[in-house]
Amino acid sequence: MTSLSKLNRREFLSGLGTSALVLGLALRTGRTMADATAGGLQEVRGGDATPALFIALEEDGTIRITCHRSEMGQQVWTSMAQIIAEELEADWSQVAIVQAPGDARYGDQNTDGSRSVRWNFHRLRVAGAAMRTMLERAAAARWGVAPGECRAAQSVVTGPGMYSATYAELAQDAAAQPLPTEAELRLKPREQWRLIGKEVPSLTVPDIVQGQGTFGIDVQLPDMLVAVVAHPPQVMASVAKLDDKAALAVPGVVRTVRLPALDGPVLFKPLGGVAVVATDTWSAIRGRAALKIEWEAGPNAGYDSQQFAETMLETARQPGTVRLRRGDVDAAMGASATRIEADYYVPHLSQTPMEPPMATARWDGDKVECWVCVQAPQRTRSVIAQACGIPEENVTVNVTWLGGGFGRKSKPDFAVEAALVAREVGRPVKLTWTREDDLQHGYYHSVSAQHLEGALDAEGKCTGILHRTVFPPIGSTFVDGLATPSWEELRQGVTDNPFHVPNLQVETGDAPAHVRIGWLRSVANIYHAFAVQSFAAELAHAAGRDQKDYLLELIGPPRQLDPRNDGAQYDNYGESLEEYPIDTGRLANVVREAAALAGWGRELPAGHGLGIAVHRSFVSYVATVIEVAVDAEGRLRIPGVWSAIDAGTVVNTRHVTAQVEGGTLYALSNALYGEITAKDGAVEQANFPQFRLMRMKEAPRDMAVTIVASDAPPGGVGEPPSPPAAPALANAIFAATGLRIRRLPIFGSGSDDRLPLDATREGESA
Amino acid sequence: MSIKLKVNGKQHEVEVSEDTPLLWVLRDHLGLTGTKFGCGVAQCGACTVHIDGKPRRACVTPVAGVGAQAEITTIEGVQGEVANAVREAWVEIDVPQCGYCQSGQIMSAVALLEQNPNPDDDAIDAGMSGNLCRCATYMRIRSAIKSAAKAGS
């Protein structure tokens, strides 16, 4: 690797063999030893478990573990290292991390879908155990004893009598050992775990508190220029006329670069526009402000999100395409004693990581090396290769720390911009997105409208539910004009409806996209859980029952569901239903756990109310109880939030708790304030004054989390805490005030933060 | 123009336009990248530094107005009992998630505790509400500030 003036070597050592590495050779060196690709560990469950992919033992005793997933705050460096170090019997204090570049040999590197642990747990245990086995066998050979007489612990192998050697001392010999097969390995039994399932401190935090560590924005290369881009106001708009004289007159501005206009499908291609390249960031920002551009507005200029909301709600009220059918919902409605219906609306949202998209690129002939804060480095590599017309092997993608991701950084359009601009100017370029770029030119969480109907019998028992959902699908990003919700989006809270009702029907309506649509933390679960879990409380109210008791009754007896039996296509987040069933027993259990933690049923002060919601997503289960306090003027406080998560086997209890806290508040921030609107096809929110995030003073005063002890296989953690938050809040507001929230956000950005209590009668909606 | 400034006790001279915000001088010209860019309009606090001990948003502070004698302190240079207690408390319970806003959070927390060694919840909310955290680590920030306060008392 070439010299990097500012990069932290520890993070960017990837892809290199150095003399200090005696075992565990890096990628692409083509050497043998432990890197023996002929070994039998390339196809274990979850992918290639060849130890050298992930583990290097260095002469000074350092155990360098390669993390192939992107670190964006979920503490994946720590969790991946814990899994390996557990089976390796490594001394944790010797563990250091290096971030992997984007390379297919690591297998899937898309750090999204809450699957880093889920997909790598077994594989990394195997890698660690294989390395430990080789060390034990090397020791046995050295001492002339049976391998069974040698035991590894805390980076030392001990044998009979006084025999003892450190991993560093054994590394060379171990490298000469043949790779064991999976069948030869002895994985540690759960009761002997000393790292997995424990509160192991973060490997990144000690650097963070010193202001150290390299995020995407922190990359500095010799001779580097900085670029910002004037993006077209609408998707598919293009530059009609450019006058860059004033921009070029700004001191520090070096030149401008026209980016290619976007054509459909939008994929991960840059939006087009004009890059201003300067010697420093401020000059580039000033230069961009001085550009005079006339835009050709293109096909999306008619998009008005307020109008679109009404159109979508109208669609949701009409019969749609049936996607799942159990029993006969029409008959159930006809025979019902009480029938209720409700419409729900959730707006576009922006992921808004605190670090906006950032990418640095440097060309050397027809090869380009990039340093980028991306969740998907292999995808980044291929889209850069495609956009630049070079083979993938000519593209190196180094992954920096991510200052938040939340799905935005799964889309590498900004990395392509950096590569194109750097090639054009012939010098390294750091391309910086400002907050305005992030908010106005994103891949937005889809806007949605839903219509639910419920039938109750004379005893208040729910006999039928109709759920109709309408939203521009994420597929519209990949296929021009796609307007029909996909099965993958429907399995996020619609086709996997857990309620024990004899009659259930799911319908969809079409909605075209007029902005780029993309993943945002927990994706379609956000709006589906909001509607379904709000509606569950509406049914409870109609039946005159306690929310929590009625929710448990809706969930019904412990059983395992298969939406395919009712005609849905269902992929269970890529997992088998045998291993990761839709288990209503576990769902009900988190409801009871959260309720117990919150003291459900306790006497509340006047103006207070409790709300509860539960949701299974990314094969994990989370229930949340929220207490609100609403004063006579409609001002809202959140005194407490209590959650229970069943994510199966968890690797780090401290960081799982932190994800539940953060994921819940992320969702509450969006529910209270989050809304992206568009007029004339252009996003209206420019910066934090308009796109509002929760602040410290708006955060709850009390928050507690129960992690359900489980030996089930690991489920997702980063996303599952988010979906129940908004409906729990809406249900709490209803309990406190009788005001039913069916449209988000509750307050929005320009609001006076008052609930409209004057307009409230029992059951009235806002 | 040529501008003199003192950062973390060291004198510097930089050649920039006078409206350049302190943030970009720190990051682009002095290589002090611990101070982060989040919004550019003093709404998120990621760029918080101390100028003569007071928390300031570097993204809207023109460097020409700071003055050559003013003591600018960044996350890389903040020292002393309070700063140490805050860092320890942050590490003790792993406050940060992605960490991007945390330089600013720490600078605000240090300034708060310097001024009010024993803040209650309301004082913490008032002192810290200029700093956004999208990971929403607010619960842990509040609790770490209390434990840093305890350590200092």
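Figure 1. A:Arg491 is buried, at a relative accessible area of 9% (buried is under 20% relative accessible area, exposed is over 50%, and partly exposed is in between, with a 1.4 Å probe and protein chains only). This is a predicted model, in which local features need pLDDT of at least 70 and side-chain atom pairs count only at pLDDT 80 or more, while totals for chains, interfaces and linings use all residues. Residues are numbered from 1 along each chain as its sequence is written, chains are lettered from A and ligands numbered from 1 in the order in which they are written, and side-chain values use heavy atoms, with hydrogens and water left out. The partner of A:Arg491 is A:Asp571, with N to O at 2.4 Å (a salt bridge is a side-chain nitrogen of Lys or Arg within 4 Å of a carboxyl oxygen of Asp or Glu). Helices (H or I, at least four residues) and strands (E, at least two) are DSSP runs, numbered from the N terminus. A:Asp571 is partly exposed, at 30% relative accessibility.

**Figure 2. Salt bridge between A:Asp48 and A:Arg105.** The closest N and O atoms of A:Asp48 and A:Arg105 are 3.7 Å apart. A:Asp48 sits in the loop between β1 (21-23) and α2 (51-54) of chain A, and A:Arg105 in the loop between β4 (95-99) and α4 (116-143) of chain A, so this pair links parts that are 57 residues apart in sequence. A:Asp48 is buried, with a relative accessible area of 8%, whereas A:Arg105 is partly exposed at 25%. Over all chains, the count comes to 55 salt bridges.

**Figure 3. Surroundings of A:Gln450.** A:Gln450 belongs to strand β19 (residues 448-456) of chain A and is buried, with a relative accessible area of 0%. A polar atom of the A:Gln450 side chain lies 2.8 Å from the backbone oxygen of A:Tyr527. Neighbours within four places in sequence aside, residues in contact with A:Gln450 include A:Ala316, A:Asp343, A:Tyr344, A:His467, A:Arg468, A:Tyr527 and A:His528 (contact means heavy atoms within 4.5 Å). The C-alpha atoms of A:Gln450 and A:Val708 are separated by 32 Å, and these residues are 258 apart along the chain.

Figure 4. Chain A is assigned domain 1 (9-208), domain 2 (216-298 + 357-432) and domain 3 (305-349 + 443-737), with bounds that come from an automatic or database domain assignment. The centres of domain 1 and domain 2 of chain A, taken over C-alpha atoms, are 37 Å apart. Domain 1 of chain A brings 20 residues to the contact and domain 2 of chain A brings 17. Between them these domains bury about 1,500 Å², 51% of it on carbon and sulfur atoms (buried area is the accessible area, 1.4 Å probe, that two parts lose on being put together, summed over both). The number of salt bridges between domain 1 and domain 2 of chain A is zero, and eight residue pairs, both at pLDDT 80 or more, are in polar contact across this interface. A polar contact is a pair of N or O atoms within 3.5 Å; within protein, one must be able to donate a hydrogen and the other to accept it, and residues adjacent in sequence count only if both atoms are side-chain atoms.

**Figure 5. Interface of chain B and chain A.** The contact involves 52 residues of chain B and 63 residues of chain A. About 4,800 Å² is buried between chain B and chain A, and carbon and sulfur atoms give 57% of this area. On the chain B side, B:Gln97, B:Arg134 and B:Met139 lose the most area to chain A, together 18% of what that side buries. Eight salt bridges are counted between chain B and chain A, and 31 residue pairs, both at pLDDT 80 or more, are in polar contact across the interface. The helices α1 (22-29), α2 (81-92), α3 (102-115), α4 (121-128) and α5 (138-152) of chain B each supply at least two residues of the side that touches chain A.

Figure 6. A:Glu633 and A:Arg635 meet through their side chains in a salt bridge of 3.1 Å, N to O. A:Glu633 is partly exposed at 46% relative accessible area, and A:Arg635 is partly exposed at 36%. Elsewhere, salt bridges that share partners join A:Arg701, B:Asp121, B:Asp122, B:Asp125, B:Arg142 and B:Lys146 into one network.
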